[in-house]
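Here is a short report for a reader new to this structure. It starts with a pocket and then moves to a residue and a core.

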Amino acid sequence: MKPIHRIVASCIGLAACSVQAAHAGDPAECRVVRMAEPGWNDLAFTTGVADVLFNALGYEAKSDVLGINVIYEGMKNSDLDVFLGYWDPAMVTYFDPYKQDGSVETIGVNLTGAKYTFAVPTYAWEAGVKDFKDLDKFADEFDRKMYGIEPGSNQLMLDAIADLGLKGWEVVESSEAGMLSEVGYKIKEEKFVVFQGWAPHPMNAMYDFRYLTGGDKYFGPDFGAATVSTQARKGYAEACPNAARLLKNLTFDIDFENVGMGYLINDGMKPAEAGATAIKANPDRLDGWLAGVETFDGKPGLEAVKEKLGL
């Protein structure tokens, strides 16, 4: 017969183990995952994928559409946790102050093979607009306008106008959808238009256009060849290691994003709906994404997500 103090100690130990097991995932303050993206369809889609996975794991994912500067200030001030959309090198100038003061940390690269630079319709390219320096030769045809996306995301266009001496040129700011609507109209009418083009994006299949050379100074070499990384506020990965493990595992490819963005643009889905549709169409990706990841309450993550999504 065990002495009474051993029985009590064993009970206390078992209770402690039970409590520990119940909270083997992240601490309570990590349950809400605050994300943001700037309204770009690629980032809306990838954030939607993260949203679906976090919620299926028992977290409470939230996502807001904010300007890039607001996103970085939000992470610096601990008002936001995660950003899946750091385009390098196109966003180096935006990130640099936060990199220098250590308030925002890069968790890992989530996409390679991306690109981002100026583009024109193929007929304009064939007419002689093949490089940034060719733009001013056709200033009248372009009506001295460049078409960009939302305000705060067109600084590289403004820099190019200043550096290239494009007098009288202006950047028409609207949104990704607004810019592409204008591009579609111009191409239909066979008018000249220069705009921000990038991949991944369904625009590469929707429209016949070419990327311009000469933008290395602004967008980097090889037509703005880029990587996209996941970032978080300082200390987030250490405070919420299970959530961070998912974020480190969460990588994509161009084809996957092109299809997922098509769900948003062509099918009118919301980001989380597009994310769920893409996951269900590619369930094999879950093995890598959820390797070593648990639910919020410490259970195997892969099985929980498959059950939640009916896979």
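## Lining of the largest pocket

By class, nine nonpolar, three polar and three charged residues line the largest pocket. Here Ala, Val, Leu, Ile, Met, Phe, Trp, Tyr, Cys and Pro are nonpolar, Asp, Glu, Lys and Arg are charged, and the others, Gly among them, are polar. The model is predicted: local features need pLDDT of at least 70, side-chain atom pairs count only at pLDDT 80 or more, and totals for chains, interfaces and linings use all residues. Residues are numbered from 1 along each chain as its sequence is written, and side-chain values use heavy atoms, without hydrogens and water.

Among the 15 lining residues, Gly-39, Asn-41, Ser-175, Glu-176 and Ala-177 lie nearest the pocket centre. A pocket is an open set of points on a 1 Å grid over the protein atoms alone, where a 1.4 Å probe fits, with protein on both sides within 12 Å along at least five of seven lines; lining residues have an atom within 4 Å of a point. Helix H8 (176-188) gives the most to the lining, with three residues. Helices are DSSP runs (H or I, at least four residues), numbered from the N terminus.

## Asn-41

Asn-41 is found in helix H2. Asn-41 counts as buried because its relative accessibility is 17%, and buried means under 20% relative accessible area (1.4 Å probe, protein chains only).

Leaving aside neighbours within four places in sequence, Asn-41 is in contact with Glu-176, His-201, Met-261, Leu-264 and Ile-265. Contact means heavy atoms within 4.5 Å.

## Largest nonpolar core

This core has 100 residues, of which Tyr-72, Trp-87, Phe-118 and Trp-289 touch the most other members. H2 supplies the largest share, nine residues. A nonpolar core joins buried Ala, Val, Leu, Ile, Met, Phe, Trp, Tyr and Cys residues through side-chain atoms within 4.5 Å.

How values were computed: Helices (H or I, at least four residues) and strands (E, at least two) are DSSP runs, numbered from the N terminus. Buried means under 20% relative accessible area, exposed over 50%, partly exposed in between (1.4 Å probe, protein chains only).
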